[in-house]
Every structure is written in structure tokens, then in C-alpha cells.
Amino acid sequence: MPSTKSYRELQERVMSRLGAAERPAALRERTLAEIGLSELRRALERSQTVLAAELGISQSAISQLERSDDVMISTLRTYLEGLGARLELVAIFDEDDVERVVPIRVGDVSVTQSRLRRFEGAR
């Protein structure tokens, strides 16, 4: 009969490997960096219809935004605020093996929902 090991023993063996604790955090970071708008909305268990109603626009405008390759920052900011998030922009400079991150402020930080309504009319 083959010998069996407890989950705890296996976990301890895996976690004792060099870098084991950092790998899940790095994977989570990469996954979040690659998520699309529709995937984010679904992960938050929000429908296009509900989000559109909260933002005062049509469901089709939400669909267009989520499929778009080119979105205005103000539109994205309003969309994310509707999901309960805050948009932050940064410029990342790679200089002499040093990464320099510079926060970017674009326009008025207090964006109104009318900007998202303009997206609906522009498509």
C-alpha cells in the first residue's frame, strides 16, 4: 500500500522551497494587471444593466465601453467609480535598472457622469 502524506506535510514541503511565499502574490499581481473591464465587472458580480442604471446610461453604452480599445480617461474613471473603484494613472520610467513611478493627474479629478454619457453618444 502506498504511503500517504497529510496535506500539512505537503504544504510545509512546498512552502519551504525558495520563493514559495512570493509566487502566489506575484501570480495574483499579474492576473489583476491583465483583467479586462468586463471581467472586473463580473468579478464584482455586477451586471451591465445594473451598472448602466447607476450611471444613468444605457446597457449598450456599457457594452461598447467594455469592448473598446480606446477609452477616454474620464470615461474610464466614471466607469470604475460606478464599480466602487478609484482610477490612478502612473508613468513608469525604467532608468539604469531603477524603476521610477510618477503619478499623473489628467484634468479635473472630479469627473461628472455627463462625460460617460458623451461616450454613449460617440459610438
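This is a predicted model: local features need pLDDT of at least 70, side-chain atom pairs count only at pLDDT 80 or more; totals for chains, interfaces and linings use all residues.
User: What should I know before reading the numbers?
Analyst: Local features need pLDDT of at least 70 and side-chain atom pairs pLDDT 80 or more, while totals for chains, interfaces and linings use all residues. Numbering starts from 1 along each chain as its sequence is written, and side-chain values use heavy atoms, without hydrogens and water.

User: How are two packed helices described?
Analyst: By the angle between their axes and the distance between the axes. Here the axes of H4 (residues 48-55) and H6 (residues 73-82) come within 10 Å and cross at roughly 110°. Helices are DSSP runs of H or I, at least four residues, numbered from the N terminus. Axes are lines fitted to C-alpha atoms over the stretch in contact, and angles run from 0 to 180 degrees between N-to-C directions. H4 and H6 are therefore roughly perpendicular (65 to 115 degrees).

User: Which residues of H4 and H6 meet?
Analyst: Leu51, Glu54 and Leu55 in H4 meet Thr78, Tyr79 and Gly82 in H6 (contact: heavy atoms within 4.5 Å).

User: How many salt bridges does the whole structure have?
Analyst: Side chains of opposite charge can pair when their charged atoms come close. The search finds four salt bridges, each a side-chain nitrogen of Lys or Arg within 4 Å of a carboxyl oxygen of Asp or Glu. Among them, Glu54 pairs with Arg46, with the closest N and O atoms 2.1 Å apart. Glu88 and Arg86 form another, at 2.8 Å, N to O.

User: Is Glu54 exposed or partly exposed?
Analyst: Partly exposed, at 43% relative accessibility. Exposed means over 50% relative accessible area, buried under 20%, partly exposed in between (1.4 Å probe, protein chains only). Arg86, at 67%, is exposed.

How values were computed. Helices (H or I, at least four residues) and strands (E, at least two) are DSSP runs, numbered from the N terminus. Angles under 35 degrees count as roughly parallel, over 145 as roughly antiparallel, 65 to 115 as roughly perpendicular and the rest as oblique.
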